Amino acid sequence: MDNSGSGSNFPDSGSGAVPENFENVTFCLEHVSAKVKDGQEDDVFIQGKLTIVERAYGIFIDWKPVDHDEGGWIFEGEAPNSSGSSAEIDSDLLNIDQNEVTRLQFSVDIKDLRSYQCIEPKNGVPSVKFICKDGTSYIPLFFRKGGLSDFVTNLQRYATLKRSAKDATLVLFTDERAEALEQSVNMLNLNSDFFSDEQIAAIRQLMREQDDMSKLRRFTDDTGFEVLTQLELPPRIEIYRETAVDVKTWNSFKDEQGRIKNVRNLKSLVFRGGLSKELRQEAWKYLLGYYHWDKTSAENAKWRKDRYDYYYKMKLQWLSFTEEQQNNFSDYRDRKALIEKDVARTDRNHSFFMSSQKQEADEASEGNLQKLNNILMTYCMYNFDLGYVQGMSDFLSPILVVMQDEADAFWCFVGLMNRVHKNFEMDQSTVKLRLMQLRDLVMVVNPRLANYFESHESEHMYFCFRWILVEFKREFGFEETMKLWEVLWTDLPCPNFLLLFCVAILDKQTGPIIENKFGLTEILKHINGLSMHIDLEEMLTSAEAIYHQLHASQNKLPRHICSILNLNPDGENNPETTEMKD
């Protein structure tokens with residue numbers, strides 16, 4: 001891919017200046033699609049057209065959705081067990097924001113592109129995602145009817161493309177003249193007319209020392225002193241995900257009275273494959289501490305009734321406030337206003353909360369928004385010290401979608417808040433601590449990337465803030481978010497598995513970040529641009545493999561790393577980890 005082409009259809013320069021409105025399409029490919037979400041779990045693609053266009057002011061890559069002859073866009077769904085085959089979908093059946101579709105189209109000058117990521121699965125549809133020099137990226141384009149090689153061949157007429165040596169999926173746009181100039185400048189010794197033998201030897205020694213130092217990472221011990229630690233990690237083992245736990249498997253862990261036996265083994269199955277959709281309503285009650293694993297079905301049913309009554313008593317408290325009371329209760333007024341504002345914009349693209357002229361269930365949708373509001377208001381009465389903080393509605397909405405019932409959703413939400421409430425402290429000290437723990441894990445797992453972050457003012461890891469705060473709620477679609485959360489709620493193989501999941505994503509992005517020479521601003525934009533474009537299953541397997549990689553080296557790890565991962569620094573086996581590997 002190192003060969004560059006030449007030639008274009010620009011007007012002859014001898015005939016005068018190129019007209020401002022000059023435009024010449026030199027390549028056009030139809031059936032290049034973008035993936036869109038309709039608020040449900042299934043993938044939906046919108047058909048589009050990809051072109052390379054010569055304009056008076058540059059060479060552009062354009063993509064835009066295509067229309068039916070009678071108007072409207074063409075949506076397609078993936079056919080089951082297929083490799084690119086598709087079936088057209090009636091747009092009236094989809095809950096897709098039309099404005100969002102319009103925003104998908106783009107036109108980019110190739111001089112503004114740093115690289116593109118090309119994914120070519122053995123059994124599947126190849127895709128390309130363009131990455132700009134400023135760190136932003138465009139939606140991945142799927143070549144569902146082929147044509148990728150023809151596109152690349154035509155693109156090489158205008159740009160020199162080089163595949164990254166460190167990331168086979170990354171292709172760089174290079175300016176050979178700029179590279180040659182940079183290399184020439186680097187070869188110059190501005191303080192002398194020539195290199196002496198001693199200078200050449202010193203440069204070579206410095207390069208060797210820099211390579212060695214890249215293996216040394218900094219850790220701080222309990223006394224505050226910085227300790228240099230050299231660590232060679234073993235290869236990562238291959239991990240496989242399993243099928244979701246279904247109702248039959250779940251019930252097989254119950255005794256005759258409904259108590260759950262072998263909770264650890266059951267959680268391990270959930271960790272490996274998640275839960276089937278029809279099981280979530282029951283299983284989440286256990287995972288979030290609403291139901292008790294060791295209680296019988298009758299005991300949990302009685303407990304549920306008691307909690308029901310308690311919920312509606314708390315709800316009645318704030319519903320009975322008079323206007324005069326509210327006027328004299330500023331904290332209450334402020335929280336109520338914030339909740340109303342957030343509820344109005346929480347997951348409105350999901351059918352459960354969406355209002356549409358085409359839906360007969362508008363009243364039900366508005367009712368579901370009211371349930372969301374009621375639960376958050378009642379939580380303020382339940383935990384007035386914490387109250388409501390922006391972001392909590394992100395945690396509640398999937399729970400309400402699964403539970404449907406207001407009181408059940410409330411108590412599951414209480415259980416989830418018990419896990420994550422420290423994320424919402426005013427000083428955000430917990431989130432900042434977890435970001436520093438993430439930084440330390442990256443130092444061990446990927447010292448090259450950690451060095452790069454440090455040299456580019458990014459070691460604070462603030463670009464991962466949203467990941468930690470709402471546990472990837474904004475990075476995945478609804479179904480994938482629920483699957484990730486139920487995996488995290490098992491606390492396997494360690495309570496901080498979320499951090500390893502972050503490490504896995506950053507590890508995957510090492511090539512694009514370093515090869516594109518991103519600075520702090522570009523890193524921020526690039527990480528934000530990953531939203532809705534992260535492969536959940538791949539990252540779960542990678543995160544688990546990283547855990548086992550570190551577990552195998554626990555007797556060599558710094559103690560604070562062992563503490564983050566709940567490992568024993570003396571090297572004794574964790575029985576849960578041993579069982580999971582088996």
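User: How much space lies in the largest cavity?

Analyst: This is a predicted model, in which local features need pLDDT of at least 70 and side-chain atom pairs count only at pLDDT 80 or more, while totals for chains, interfaces and linings use all residues. Residues are numbered from 1 along each chain as its sequence is written, and side-chain values use heavy atoms, with hydrogens and water left out. A cavity is a set of points, on a 1 Å grid over the protein atoms alone, where a 1.4 Å probe fits but cannot get out. The space in the largest cavity is about 30 Å³.

User: Which element gives the most to the lining of the largest cavity?

Analyst: Lining residues, which have an atom within 4 Å of a point, are here Arg-439, Val-442, Met-443, Ala-450, Phe-453 and Glu-459. With three residues, the element that gives the most is α14.

User: How many residues has the largest nonpolar core?

Analyst: A nonpolar core is a set of buried (under 20% relative accessible area, 1.4 Å probe, protein chains only) Ala, Val, Leu, Ile, Met, Phe, Trp, Tyr and Cys residues joined through side-chain atoms within 4.5 Å. Those with the most contacts (heavy atoms within 4.5 Å) inside the largest core include Trp-250 and Phe-413. The number of residues in this core is 118.

User: What pLDDT does the chain average?

Analyst: pLDDT is the predictor's confidence in each residue, from 0 to 100. Of the residues, 76% score at least 70, whereas over residues 177-196 pLDDT stays under 50. The chain average is 82.

Technical notes:
Buried < 20%, exposed > 50% of the residue type's maximum accessible area, 1.4 Å probe, protein only. 1 Å grid on protein atoms, 1.4 Å probe; cavity = no way out; pocket = protein on both sides within 12 Å on 5 of 7 lines; lining within 4 Å. Points joined across faces, edges and corners; volume = space filled by probe spheres on them. Helix = DSSP H or I, 4+ residues; strand = E, 2+ residues; numbered from the N terminus.
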